[in-house]
Amino acid sequence: MIYVNGLYKGYGKEPVLKNITFHVEKGTIHGLIGRNGSGKTTLIKCLTGIYRPDRGSIQICGGDIYDQPRIKEKVGYVADRNEYFSNYHVDEIIDLYAELYPTFQRDDFNDFNEVMGIDERKFIKQLSKGQKMRLAMILNLSMHPELMILDEPTEGLDVIAKRQVMDFIIKEVEERNMTVLITSHHLNELENFCDSMTMIRDGQIIGGGSIDEMKEAITKLQIVMEKGLPKGFDQWEGILHYSNLGSIYTIVWKGFDEACEKALRAAGASLIEEIPISLEEIFLYENWGNE
Ligand code: ADP
């Protein structure tokens, strides 16, 4: 669905995006994760055909979105700020979407809005930040895009609206095989939502893949070591982090397997238990978050 290959993009001489290559499968939810200033919005603007890449290629829905504007009809885009058309009424914007996008379904908009409760008689400028975001979201969902691109869509949404919006998106993915690319700097928000992700720092990809595989690769353990850890334990292969509270040790281990467990038992571990690890911890201990 999305194929980005060797992409470079800058605003002056210096590139902001450097050699970005990744792909997103149809019908999946892909997270683009990085700190502020890492280049996420620049990448999104290339993917939505707003910017032309300096080098490299982008294929979306089977074509180049910059050169083939008709592809834009298949792509929904919700930006982090929705300050557009502030002097229009909500119902005028709905009519505009219906005119611009042949796939827009007014009935579906009405169903979404039953839940969202946006007053269609209001001016856009009378809506709160969260209401504008909810409106942008359901306008885009009602055009049933093949690909939905969401730039920090949960900013400004309260917990309930966030859940409702996420549920709408998951339903579209399940029922219509919609593909989603979503950016965020909140890892924990994305971890139960995305199938895969790409981590970006300083305009470069520093990691990523399937969330399940990433979680499988790294194990968090709680173990009891009455006599403490053996000397040189931090040099053991795959040890990313450890801490302790008395004789109870918490260890983050990359590539933990039966042989590692055996070695731990031989070193005196009396209880070894695997505990859940979050994406945020993986990000932290893999050193993806550091400069
Ligand atoms: P993110 O979305 O991850 O916060 P951005 O893509 O907005 O990152 O920004 C990446 C870098 O590009 C930052 O250093 C930012 O200052 C710079 N940048 C973004 N937009 C422009 C612009 N229009 N002109 C010049 N520099 C820009």
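Colleague: Look closely at the second largest pocket. How do the residues of its lining divide into nonpolar, polar and charged?

Modeller: Keep in mind that this is a predicted model. Now to your question. The lining of the second largest pocket divides into 2 nonpolar, 7 polar and 8 charged residues. In total, 17 residues line this pocket. Find its centre first. N36, T41, D80, D151 and E152 lie nearest to that point. Next, look at helix α1, residues 40–47. This helix supplies 4 lining residues, the largest share. The volume of the pocket is about 280 Å³.

Now set the largest pocket beside it. Its volume is about 370 Å³. Of its 20 lining residues, V75, Y77, Y97, Y101 and N140 are the closest to the centre. Strand β5 (75–78), α2 and α4 each give two or more residues to this lining. β5 gives the most, with 4 residues. Here the lining divides into 14 nonpolar, 4 polar and 2 charged residues.

α3 itself runs over residues 106–116. Its buried residues are D108, F109, F112, N113 and M116. Seen down the axis of α3, they fall within an arc of 135°, so they line one face of the helix. An α-helix has 3.6 residues a turn, so residues three or four places apart point the same way. G117 follows the helix, and its phi is positive, near 65°.

Finally, step back to the whole chain. The chain has 9 helices and 13 strands. Of its 291 residues, 47% count as buried. Its C-alpha trace spans about 70 × 45 × 30 Å along the principal axes. Take the contacts with a separation of 6 or more: residues 24 or more positions apart account for 68% of them. As for the surface, the chain exposes about 15000 Å². Carbon and sulfur atoms supply 46% of that area.

Key. Residues are numbered from 1 along each chain as its sequence is written. This is a predicted model: local features need pLDDT of at least 70, side-chain atom pairs count only at pLDDT 80 or more; totals for chains, interfaces and linings use all residues. Side-chain values use heavy atoms; hydrogens and water are left out. Buried means under 20% relative accessible area, exposed over 50%, partly exposed in between (1.4 Å probe, protein chains only). The arc is that of the directions from the helix axis to the C-beta atoms. On a 1 Å grid over the protein atoms alone, a cavity is a set of points where a 1.4 Å probe fits but cannot get out, and a pocket is an open set with protein on both sides within 12 Å along at least five of seven lines; lining residues have an atom within 4 Å of a point. Grid points are joined across faces, edges and corners, and a volume is the space filled by probe spheres set on the points. Ala, Val, Leu, Ile, Met, Phe, Trp, Tyr, Cys and Pro count as nonpolar, Asp, Glu, Lys and Arg as charged, and the others, Gly among them, as polar. Contact means heavy atoms within 4.5 Å. Accessible areas come from the Shrake-Rupley method with a 1.4 Å probe; for residues, only the protein chains shown count as cover.
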